[in-house]
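Colleague: I have a structure open and would like to talk through its side chains. Can we start with the terms?

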Amino acid sequence: GLGGYEIETMSDDISIYPDLLSLDIHGRHPPILRVDETMFTYSIKFFDSANPSVAIANFAPSDGFSVSVSLRNGEGSDVSSWGLDGTKSVSPSGETAVFDDLVVKGTAGANFRLRFRTSWNGRCVAKLVDTTCAGKCCIQTDAFFVYPYAIKTNPSTLSGITEGSTLSSITVQFEDFSGATLSGITTADGFTVTPFLRKRGTILSIEGETTLAINAGVAVFSGLTIREDAGSQFTLLFQEDNSQISAVTAPFPVYGQTLQLDSAAQNAIQAGESLLDVSVRVLGSTSQTLTSIEASDSFTVTVYALKKSS
């Protein structure tokens, strides 16, 4: 018997279509997928619903059957014409139709899906067999994120600042491989970025925006303030919270606010006599001693002798 096959008569020929599909993904899904990266290999297999455990294995390109793929964004719109590169239509061979060179281009965000349709899908829809792409003549992936290829900061190099001061605004940009900003990403996609202050790899506290949502492909941090810490080799790391794709600024110094001398009064000495020891403390914005400054920071204090004019 023909089981669950669909039959269509064309002249003297008979075309027999499978009525059940399966999707195998060679890799983990949903993936941590970046824009402009080649996606995993997707294999479509075909079955007779009357014998769903055994794949149909006698397909040949000469049969004229094909499977096409489209990319749907979070709103369900087909963005394949500009957002998907690679081989978008494949003829089954043996028991599979294999897609192994698909690449998402120029877009990122949440709830993307790949939808695979057979060349006989229109017949299924007309017969109300598979109107929701449920695996009879059409099958689709689970929803997945497409992440930026890279994160960049603007500026990437920061000038030295004094402890307690607010940094100049830093723009975090989500970019594709070419360096173009992925301006189609909005807050609805759920991408967020968190800043981390580091000194030689050690994470320190920083005041200001703890996390910002990406909108139009960017997030602007304008209130980041460093307190209680000073020294050299500070960096700011900005990390996308789901994928942990990140960008790091070049190292920059954080200086103290003022110096304070701790020494006994010494009004006069004879020529050639040693001065009393003088202790110099580096103070912060609340007059606290900045104990985080270490010898490895290579900060120095220079002493000058000044002669008071009479």
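Modeller: Buried means under 20% relative accessible area, exposed means over 50%, and partly exposed is in between (1.4 Å probe, protein chains only). This is a predicted model, so local features need pLDDT of at least 70 and side-chain atom pairs count only at pLDDT 80 or more, while totals for chains, interfaces and linings use all residues. Residues are numbered from 1 along each chain as its sequence is written, and side-chain values use heavy atoms, with hydrogens and water left out.

Colleague: Phenylalanine 177, then: buried or exposed?

Modeller: Phenylalanine 177 is exposed, at a relative accessible area of 58%. Tyrosine 149 is partly exposed, at 24%.

Colleague: How many aromatic pairs are there?

Modeller: The count is 14. Rings of Phe, Tyr and Trp (its six-membered ring) pair if their centres lie within 6.5 Å; planes under 30 degrees apart are stacked, over 60 edge-to-face, and the rest tilted. Tyrosine 149 and phenylalanine 177 have ring centres 5.0 Å apart and planes at 90 degrees, so they are edge-to-face. The two are 28 residues apart: tyrosine 149 is in the loop between strand 14 (144–147) and strand 15 (150–154), and phenylalanine 177 is in the loop between strand 17 (170–175) and strand 18 (192–199). Strands here are DSSP runs (E, at least two residues), numbered from the N terminus.

Colleague: What sits over the ring of tyrosine 149?

Modeller: The charged end of arginine 34, 4.4 Å from the ring centre. The rule asks for NZ of Lys or CZ of Arg within 6 Å of the ring centre and within 35 degrees of the ring normal. The side chain of arginine 34 also meets that of glutamate 37 in a salt bridge, 2.9 Å from N to O. A salt bridge is a side-chain nitrogen of Lys or Arg within 4 Å of a carboxyl oxygen of Asp or Glu. Arginine 34 is partly exposed at 23%, and glutamate 37 is partly exposed at 25%.

Colleague: How many salt bridges does the whole structure have?

Modeller: The search finds 10. One of them joins glutamate 175 and lysine 152, with the closest N and O atoms 3.4 Å apart. Glutamate 175 is in strand 17 and lysine 152 in strand 15, so this pair ties together parts 23 residues apart in sequence. Glutamate 175 is buried at 7%, whereas lysine 152 is partly exposed at 41%.

Colleague: New topic: which residues touch the most other members of the largest nonpolar core?

Modeller: Ile44, Phe99, Leu114, Phe116 and Leu236, out of 60 residues in that core. A nonpolar core is a set of buried Ala, Val, Leu, Ile, Met, Phe, Trp, Tyr and Cys residues joined through side-chain atoms within 4.5 Å. Beyond its neighbours within four places in sequence, isoleucine 44 has contacts including Leu21, Val67, Phe99, Phe116 and Ile139.

Colleague: Where is the cis peptide bond?

Modeller: Between asparagine 154 and proline 155, with omega about 5 degrees. Proline 155 is in the loop between strand 15 and strand 16 (161–162).

Definitions and conventions
Helices (H or I, at least four residues) and strands (E, at least two) are DSSP runs, numbered from the N terminus. Contact means heavy atoms within 4.5 Å.
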